[in-house]
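Subject: Structure handover

Hi,

Here is the structure you asked about. Please open it alongside this email; my notes follow below.

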Amino acid sequence: MKNNSPLKAAIVGRTQFTGNYEKALRSLGVHVQTLLSTGKLQSFDLLILPGGGDITPAFFGQKNKGSRDIDTELDILQIQALDLFVRHQKPVLGICKGMQLINIFFGGSMKQHLPTASAHEYVKGDQYHLTQALPGSVLHKLYGDRFIVNSAHHQGIDLPGKLLKVTQTCSDGVIEGIEHLSLPVLGVQWHPERLMESPKEKNAVSGAPLFQEFLSRAF
């Protein structure tokens, strides 16, 4: 709670794809709203950049070499929202595409189709794999050295953006988590909003601690 009122989290996305994120945050007592406009964002405490299709390749200086389900209008709105929250130093959590968008915003680059995409992309459901976290990172504090997460992506970060630290990786080198060195900005390639309820599939971690850590940054 903030000033005895629920925290307010904005999700910049299309409502038909954000139900799981809304449900996860509401289960933790957060007032959450999905928006397709930046006009009201200043009244929110937190920003969620959700998963979705692939980012417009021109935004990271490439031609389309395998990107799918591009929504340039949404990309622009999400970048504008991220810029606003960064300028006001408010907490941002990027999930899957959202993490990739954070990386692009800070000048990083992308692999449009991972060499090991078959082990990561959505195939009639999420895939699951073991990852490791960097000691001293937020993810290491929450989950320890090695833990299982879910996966539903075929792209990944290539070079990290300025002042972004890689804090979680998969055994094939795919980047699974990033943190900004000074701002309350965190990104994960996996989907904590789909790991809220027990029992957890494939012994994956719960997404709740990550969301709780994110919420704590608004105080």
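Are Tyr143 and Trp190 buried or exposed? Both are buried. Keep in mind throughout that this is a predicted model.

**Aromatic pairs**

The structure has 3 aromatic pairs. One of them joins Phe105 and Phe106, edge-to-face, with 5.0 Å centre to centre and 85° between the planes. Phe105 is partly exposed, because its relative accessibility is 26%. Phe106 has a relative accessible area of 15%, so this residue counts as buried.

Tyr143 and Trp190 also form an edge-to-face pair. Their centres are 5.9 Å apart, and the planes make an angle of 70°. This pair links distant parts of the chain. Tyr143 is in helix H4, while Trp190 is in the loop between E11 and H5, and 47 residues separate them.

**Overall build**

The protein has 5 helices and 11 strands. Its C-alpha atoms fill a box of roughly 50 × 40 × 35 Å along the principal axes. A compact globule of 219 residues would have a radius of gyration near 17 Å; the protein has 16 Å, which agrees. Of the 219 residues, 54% are buried. Take the contacts between residues at least 6 apart in sequence: 65% of these join residues at least 24 apart. The accessible surface is about 10,000 Å², and carbon and sulfur atoms account for 50% of that.

**Helix H5**

Helix H5 covers residues 208-216. Its buried residues are Ala208, Leu210, Phe211, Glu213, Phe214 and Leu215. What do the buried residues of H5 pack against? The partners are helices H1 (19-26) and H4 (138-143), together with strands E3, E4 (92-95) and E11 (185-188).

**Cysteines**

How many disulfides does the structure hold? The count is 0. Cys96 is in no disulfide, and the nearest cysteine sulfur, in Cys170, is 14 Å away. The cut-off for a disulfide is 2.5 Å between the sulfur atoms. Cys96 is buried, with a relative accessible area of 5%. Cys170 is also counted as buried, because its relative accessibility is 9%.

**Gln100**

Gln100 lies in helix H3, residues 97-105. Is Gln100 buried or exposed? Its relative accessible area is 3%, so Gln100 is buried. The side chain of Gln100 makes a polar contact with the side chain of Gln189, at 3.2 Å. Leaving aside residues up to four places away in sequence, Gln100 touches Ile55, Met110, Gln155, Gly156 and Gln189.

**Ser37**

Ser37 sits in the loop between strand E2 (31-35) and strand E3 (46-49). Its relative accessible area is 42%, so Ser37 is partly exposed. The Ser37 side chain reaches the backbone nitrogen of Gly39 at 3.1 Å. Ser37 and Leu77 are 40 residues apart in sequence, yet 6.9 Å apart in space, C-alpha to C-alpha.

Best wishes

Terms used: Residues numbered from 1 in each chain as written. Predicted model: local features only at pLDDT ≥ 70, side-chain atom pairs only at ≥ 80, totals over all residues. Heavy atoms only, no water. Helix = DSSP H or I, 4+ residues; strand = E, 2+ residues; numbered from the N terminus. Buried < 20%, exposed > 50% of the residue type's maximum accessible area, 1.4 Å probe, protein only. Polar contact = N/O pair within 3.5 Å; in protein donor to acceptor, adjacent residues only side chain to side chain. Contact = heavy atoms within 4.5 Å. Rg over C-alpha atoms; globule rule 2.2 N^0.38 Å. Areas by Shrake-Rupley, 256 points an atom, 1.4 Å probe, with all protein chains shown as cover. Phe/Tyr/Trp six-rings, centres within 6.5 Å; stacked < 30°, edge-to-face > 60°.
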